[in-house]
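Open the model in your viewer and get ready to select residues. We will take it one stop at a time.

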Amino acid sequence: EWITNGTGSSSVATSEYSDRNLKTSLESAGFTVNETLWDFYGENGQGRGTGGSGQAADWSLNENPWSEVEAACGDSFADYSDAAVMIISRTGGEGADVPREMSRYDGTADEHYLELSSTEKEILRGIQDAGFEKTVVIINAGNAMEMSFLDEEDLGVDAVLWVGGTGYNGVEEVGKLLSGEVNPSGHLVDTYVNDSFSSPAMQNFGD
């Protein structure tokens, strides 16, 4: 589920978007994608929450536990062990602040929306245990994520690429960025911190 745009007064014609996804982008750049894993997520993806405001808001991440991923796809990993690419997606936009705690949205009270969840960290540890040579994380989000996970050696992240909402066509270029055909040399104007709560603004926004 690729983030193409933010919430609020923006939209992308997703019904016409089915021929543009991360898999086709990688394959166009010369990579081979694990079909077993891709199909597993297509069949078992629970749908990421789309945000919103008030009690009806849904900020759930709905990530599959590593144990389920490994049980369904583990036999295929050896054929693709040169690199694992993990996508961390977060929605956001006008109308509501993202949650300061995730207990209502399949997480815990000591986790917030702009950090990796315990399930996402579990997946990164599983990738290491499965013997992948490199782990690349793509942050597919409009919000500035908390990046302290890069200091956790047991997660084994080798590279991080930020790719915001890509609109209708932008995902087609991601494969070129990963292959080196295009140099992702932009300098962000945002600061991605190790601890989001180190910012005074984090103490004062609503829910």
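**Stop 1: the largest nonpolar core.** Select Leu 124, Met 145 and Phe 149. In the largest nonpolar core, which has 30 residues, these three touch the most other members. Keep in mind that this is a predicted model.

Now colour the elements that supply this core. Those giving two or more residues are helix H3 (66–73), strand S1 (84–90), helix H4 (118–129) and strand S2 (135–141).

**Stop 2: Phe 149.** Stay with Phe 149 and show its contacts. Which residues does Phe 149 contact, leaving aside neighbours within four places in sequence? Look for Leu 116, Lys 121, Val 137, Ile 139, Leu 155 and Val 157.

**Stop 3: another core.** Next, select Trp 2, Leu 26, Val 33 and Ile 138. They are among the nine residues of another core, which lies apart from the largest one.

Stop 4: Show helix H2 (residues 35–44) together with H3. Their axes come within 10 Å and cross at roughly 130°. That angle makes H2 oblique to H3. The crossing of the two helices is right-handed.

From H2, pick Thr 36, Leu 37, Phe 40 and Tyr 41. From H3, pick Glu 68, Val 69, Ala 72 and Cys 73, which the H2 residues meet. What classes of residue make up the contact of H2 with H3? There are six nonpolar residues, one polar and one charged.

**Stop 5: Thr 91.** Move to the loop between S1 and H4, where Thr 91 is found. Is Thr 91 buried or exposed? Thr 91 is buried, because its relative accessible area is 7%, and buried means under 20%.

Then display what surrounds Thr 91. Leaving aside neighbours within four places in sequence, its contacts include Ile 3, Thr 7, Trp 59, Val 98, Tyr 113 and Asn 143. Gly 49, Thr 50 and Gly 51 are in contact with Thr 91 as well.

**Stop 6: Phe 197.** Finish in the segment after helix H5 (174–179), where you will find Phe 197. Phe 197 has a relative accessible area of 30%, so it is partly exposed.

Along the chain, Phe 197 and Glu 146 are 51 residues apart. Their C-alpha atoms are separated by 9.4 Å.

Last, show the contacts of Phe 197. Not counting residues up to four places away in sequence, Phe 197 touches Arg 100, His 112, Met 202 and Gln 203.

Note on methods:
Residues are numbered from 1 along each chain as its sequence is written. This is a predicted model: local features need pLDDT of at least 70, side-chain atom pairs count only at pLDDT 80 or more; totals for chains, interfaces and linings use all residues. Side-chain values use heavy atoms; hydrogens and water are left out. A nonpolar core is a set of buried Ala, Val, Leu, Ile, Met, Phe, Trp, Tyr and Cys residues joined through side-chain atoms within 4.5 Å. Buried means under 20% relative accessible area, exposed over 50%, partly exposed in between (1.4 Å probe, protein chains only). Helices (H or I, at least four residues) and strands (E, at least two) are DSSP runs, numbered from the N terminus. Contact means heavy atoms within 4.5 Å. Axes are lines fitted to C-alpha atoms, for helices over the stretch in contact, and angles run from 0 to 180 degrees between N-to-C directions. Angles under 35 degrees count as roughly parallel, over 145 as roughly antiparallel, 65 to 115 as roughly perpendicular and the rest as oblique. A crossing is left-handed if the near helix is turned anticlockwise from the far one by less than a right angle, and right-handed if clockwise. Ala, Val, Leu, Ile, Met, Phe, Trp, Tyr, Cys and Pro count as nonpolar, Asp, Glu, Lys and Arg as charged, and the others, Gly among them, as polar.
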